[in-house]
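Hi everyone, thanks for coming. Today I'd like to walk you through one structure, so please take a moment to look at it with me.

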Amino acid sequence: MNTAWLAEFLKGMLKPVAALAVVLMAIVLSRMQKLGLEWEMMYSILRAFLQLSVIGFVLQFIFNQQNSGWIILAYLFMVTIAGYTAGQRAKHVPRGKYVAGASILAGTSVTMAVLVLLNVFPFTPRYIIPVAGMMVGNAMTVTGVTMKRLRDDVKVQISLVETALALGATPRQATLQQVKRSLVIALSPVLDNAKTVGLISLPGAMTGLIMGGASPVEAIQLQIVVMNMLIGASTVSSIMSTYLCWPNFFTKAYQLETKVFSVD
């Protein structure tokens with residue numbers, strides 16, 4: 001049995017293991033401050049080690065296959081996990097996990113299709129899977145915040161929404177301000193990050209390329225593409241989530257579903 005790959009893997013893990021020194025420092029500080037986070041820190045870093053190690057082998061397998069079917073499968077897996085996670089954040093939104101998953105799927109697939117059609121990225125596993133992962137992760141965060149904020153704002157201003165409905169407004173018209181506010185709050189971090197990229201911190205994609213030997217100019221060019229796609233995917237996903245939330249917030253008679261807003 002050939003174990004060369006295992007020896008190479010273990011040799012490559014020496015530096016990640018050495019980097020545990022900073023985690024140990026965090027655990028000691030947590031202990032000194034009586035934060036009670038020591039076990040959670042150890043569990044989190046152990047889980048990260050295992051997840052990243054497994055996904056590394058999975059990606060290596062997919063890259064070697066050169067089969068577009070594996071790209072779709074990996075992408076749908078990421079969207080499923082992201083939809084579940086975002087739905088957990090907006091747990092009071094009925095069918096929130098499905099709403100979040102559909103929104104993330106719409107935003108990221110449209111953005112990816114545009115990039116592929118414009119020949120920005122070739123449709124190969126080595127390009128599409130990492131790019132899709134960045135988009136899905138970002139869209140997950142923005143979608144979860146949008147859904148939670150929209151439901152909370154409608155709950156706080158429920159009397160204003162009911163008054164608008166009584167005067168003949170449609171659900172969209174009655175919740176227009178709440179929708180705008182939730183979208184602005186959810187998308188602001190993405191836009192702020194784009195405004196300060198390169199000035200405050202170097203993003204992961206750019207840093208990885210530079211450390212891998214690419215020229216800073218090439219790294220910057222890729223990072224610009226990444227920032228563009230993150231803004232596009234996040235915007236489409238967050239807006240889509242508001243449209244998909246409405247049927248869950250209102251009855252067919254254009255009345256608020258009180259049970260949705262009766263829990264904290």
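**From the surface to the core**

Let's start at helix α3, which covers residues 20–32 and is where you'll find Val 22. One thing to keep in mind as we go: this is a predicted model.

So, is Val 22 buried or exposed? Its relative accessible area is 52%, and exposed means over 50%, so Val 22 counts as exposed.

Now let's go inside. The largest nonpolar core has 40 residues, and Met 229 and Phe 249 have the most contacts within that core. Which helices supply at least two residues each? They are α5, α6, α7, α8, α10, α12 and α13. Helix α7 gives the largest share, with 9 residues.

Let's stay with Phe 249 for a moment. Setting aside neighbours within four places in sequence, its contacts include Val 93, Leu 150, Arg 151, Val 260 and Phe 261.

My last stop is Thr 242, which sits in helix α12, residues 216–249. Its relative accessibility is 2%, so Thr 242 counts as buried. What does its side chain find there? A polar atom of that side chain lies 2.6 Å from the backbone oxygen of Ile 239. Beyond its neighbours within four places in sequence, Thr 242 is in contact with Thr 146, Leu 150, Val 179 and Leu 183.

Notes: Residues are numbered from 1 along each chain as its sequence is written. This is a predicted model: local features need pLDDT of at least 70, side-chain atom pairs count only at pLDDT 80 or more; totals for chains, interfaces and linings use all residues. Side-chain values use heavy atoms; hydrogens and water are left out. Helices (H or I, at least four residues) and strands (E, at least two) are DSSP runs, numbered from the N terminus. Buried means under 20% relative accessible area, exposed over 50%, partly exposed in between (1.4 Å probe, protein chains only). A polar contact is a pair of N or O atoms within 3.5 Å; within protein, one must be able to donate a hydrogen and the other to accept it, and residues adjacent in sequence count only if both atoms are side-chain atoms. Contact means heavy atoms within 4.5 Å. A nonpolar core is a set of buried Ala, Val, Leu, Ile, Met, Phe, Trp, Tyr and Cys residues joined through side-chain atoms within 4.5 Å.
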